[in-house]
Amino acid sequence: MLLKCQREPFLQQLTSTVVACNEVKKGKKKHFEVVLEDTVLFAEGGGQPCDHGQISVIGTEQEKTLMAAVKDVQRKDGVAVHTADKRLEVGSKVDVVVDWKRRYDHMQQHTGQHLLSAIAEQAPYHYNTVSWNLGATVSHVELNTPKITEDVKMEIERKVNSLIQAAVPVITKVFSSKDDEGLSSAHTRGLPADHSGPVRVVEIEGVDQNMCCGTHLTCLSQIQMIKLLHTESKRGHTLLYFVCGDRVLSTLQTALNIQHQLNALLSCPPDAFPPMVDKLSKECRTFRKTAEKLSEELAVIHAASLRDSRDAVLSMHRGASDNEYSLTLQRELREVCEKRVLLLTMGEQNNAQFVLRGPVDIVDQLGKGVAQKLGGKGGGKDGKFQGKFSDLRKIDETLQFLMENFKL
């Protein structure tokens, strides 16, 4: 049976009757599966997500109206099953209202996909659509070609938008069954195994005919615009991402917001962003190399100071996590740590690391105790135990623990 939303996709409200309502429990949560005599809420199918909306019981002036939110609609055995958050009595007269902003967005993306797939399939491209996905912000078609060049992508974009500007009609035709001879010219990736009854064909006049259960626009001009975005490779195919209609405006607004932020950060116009970022990136790499070299030199100086100490337990704290410093200090004190113990701590309060170096048997014996004293976790072997901790105030207590348990 074709639902009202399929017969009249621009209808936003419908009076109907509750045919069934079953409670479903999942752990402590429960919801109600509601079947209506007819509905304006589309059940997920054809690559199009389901509608959201609400079902309100029509009461008298003395009765309060019961309103149930619907966040899922699925087709089961040819029937649209609404997932509602409240119980609805069988036989109740109800008003069914669709979340129109969501629905119209889906109609723009879905009709846009039909148009995009139709043009991609035509000469000289011959890219067949294997699958498609209507995402929350961006959609894509999967085309059976390993690559699409930027020039071809832009050419396809110009063609689809030219047809949108021409306001080509979109016509939905209904055939009595899947065996109807009139379906011979329509495209499809296959009807559902449980399909029975009428078959809908969405025709873009003079461009394409495609079997589809989804809700569609009545004219390509209602799409407003299609913007093709980027591509990705997938198992020898190409995912071509796109946005239609109002999503083009929201995508543009997001890009403008980012542009304004970069204007402020980089102090240059948009056309200067790439060279400016390239310049800053090169400077950053230079500064990083300089910082690494300075960290190594500082570690060598600190290692010399610790090497001269006669203490059994050596310690050093570095205020920032510094991998070059840590590796250099440990390398410089490798021989010293064959007889003595080194506790190196780095970082800030709530985000710090520690390294314990020393004789293998001593580190094996005291490593877990050091982690426990620091209130952290770690592990290690071969004379090295390292981990993370958060409270710098526990360093002194931990050093006292080491001095009490290890002596030369």
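Helices (H or I, at least four residues) and strands (E, at least two) are DSSP runs, numbered from the N terminus. This is a predicted model, in which local features need pLDDT of at least 70, side-chain atom pairs count only at pLDDT 80 or more, and totals for chains, interfaces and linings use all residues. Residues are numbered from 1 along each chain as its sequence is written, and side-chain values use heavy atoms, with hydrogens and water left out.

- Helix α2 takes in residues 100-121, a run of 22 residues.
- At 1.5 Å a residue it should span 32 Å, and its end C-alpha atoms are 31 Å apart, which agrees. The expected span is 1.5 Å times one less than the number of residues.
- Of those 22 residues, 18 are buried, so α2 is largely enclosed by the rest of the structure. Buried means under 20% relative accessible area, exposed over 50%, and partly exposed in between (1.4 Å probe, protein chains only).
- Gln 109 sits in α2 and is buried, with a relative accessible area of 0%.
- Beyond neighbours within four places in sequence, Gln 109 is in contact with Trp 132, Leu 134, Ser 139, Phe 242, Val 243, Cys 244 and Arg 247. Contact means heavy atoms within 4.5 Å.

**Helix pairs**

- Two packed helices are described by the angle between their axes and the distance between the axes. Axes are lines fitted to C-alpha atoms, for helices over the stretch in contact, and angles run from 0 to 180 degrees between N-to-C directions.
- The axes of α2 and α3 (residues 150-165) come within 10 Å and cross at roughly 125°. The two helices are therefore oblique to each other. Angles under 35 degrees count as roughly parallel, over 145 as roughly antiparallel, 65 to 115 as roughly perpendicular, and the rest as oblique.
- Leu 115, Leu 116 and Ile 119 of α2 meet Ile 156, Lys 159, Val 160, Leu 163 and Ile 164 of α3.
- By class, the α2 contact with α3 has seven nonpolar, no polar and one charged residues. Ala, Val, Leu, Ile, Met, Phe, Trp, Tyr, Cys and Pro count as nonpolar, Asp, Glu, Lys and Arg as charged, and the others, Gly among them, as polar.
- The axes of α7 (residues 360-374) and α8 (residues 395-405) come within 8 Å and cross at roughly 155°. That makes α7 roughly antiparallel to α8.
- On the α7 side, the contact is made by Leu 366, Gly 369, Val 370, Lys 373 and Leu 374. On the α8 side are Ile 395, Glu 397, Thr 398, Phe 401, Leu 402 and Asn 405.
- The contact of α7 with α8 has six nonpolar, three polar and two charged residues.

**Lys 388**

- Lys 388 lies in strand β18 (residues 384-389) and is exposed, with a relative accessible area of 59%.
- Not counting residues up to four places away in sequence, Lys 388 touches Ala 352, Gln 353, Phe 354, Gly 376 and Lys 377.

**Backbone features in loops**

- The peptide bond from Ala 123 to Pro 124 is cis, with omega near 10°. Pro 124 is in the loop between α2 and β7 (129-133).
- Ala 167 is not a glycine, yet has a positive phi of about 55°. Ala 167 lies in the loop between α3 and β9 (170-175) and is partly exposed, at 33% relative accessible area.
- Gln 224 has a positive phi near 75°. Gln 224 is in the loop between β11 (208-211) and β12 (226-234) and is partly exposed, at 44% relative accessible area.
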